[in-house]
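Student: I've got a structure loaded and would like to learn how to read it. Can we walk through a few features together?

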Amino acid sequence: MEAYCRYKYFSGCILIELALRGRIELERAGMRRKSLLNRKVLVKSAEPCGDVLLDESLKHMRETSDTAPETVQTWIEYLSGETWNPLKLRYQLKVSNLNEK
């Protein structure tokens, strides 16, 4: 598996783990029934998880959740480093942290 795919899969797993731990949730589907990838990620609890990668990801999500929450797809791109927006590169998880897991 190519490295960029692995990082995208791992970023998706981080979102799932944060949701299972009750730290994040998706916005309600509403009348238009948005797909999962297009729904916004909302921070439910900013309490640390005790895991370096989860806590770092949650910190980044908390920074944007009040002003302009991002979608699931956008967070997967941010966390994996697949964004073309240079202002969002700070959200990329450190490769050394990903390789440790």
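Tutor: Let's go from the overall fold to a ring pair, then to one helix. This is a predicted model, where local features need pLDDT of at least 70, side-chain atom pairs count only at pLDDT 80 or more, and totals for chains, interfaces and linings use all residues. Residues are numbered from 1 along each chain as its sequence is written, and side-chain values use heavy atoms, leaving out hydrogens and water.

Student: What pattern does the protein chain follow along the sequence?

Tutor: Helices (H or I, at least four residues) and strands (E, at least two) are DSSP runs, numbered from the N terminus. Here the order is α-β-β-α-α-α, with four helices and two strands.

Student: How do I read an aromatic pair?

Tutor: You describe a pair of aromatic rings by the distance of the centres and the angle of the planes. Rings of Phe, Tyr and Trp (its six-membered ring) pair if their centres lie within 6.5 Å; planes under 30 degrees apart are stacked, over 60 edge-to-face, the rest tilted. That rule gives one aromatic pair here. The ring centres of tryptophan 75 and tyrosine 78 are 5.4 Å apart with planes at 85°, so the pair is edge-to-face.

Student: Why are they separated by about one helical turn?

Tutor: An α-helix has 3.6 residues a turn, so residues three or four places apart point the same way. Tryptophan 75 and tyrosine 78 sit three residues apart in helix α3 (residues 72-80), which means about one helical turn between them.

Student: Is tryptophan 75 buried or exposed?

Tutor: Buried (under 20% relative accessible area; exposed is over 50%, partly exposed in between, with a 1.4 Å probe and protein chains only). Tryptophan 75 has 1%, and tyrosine 78, at 6%, is buried too.
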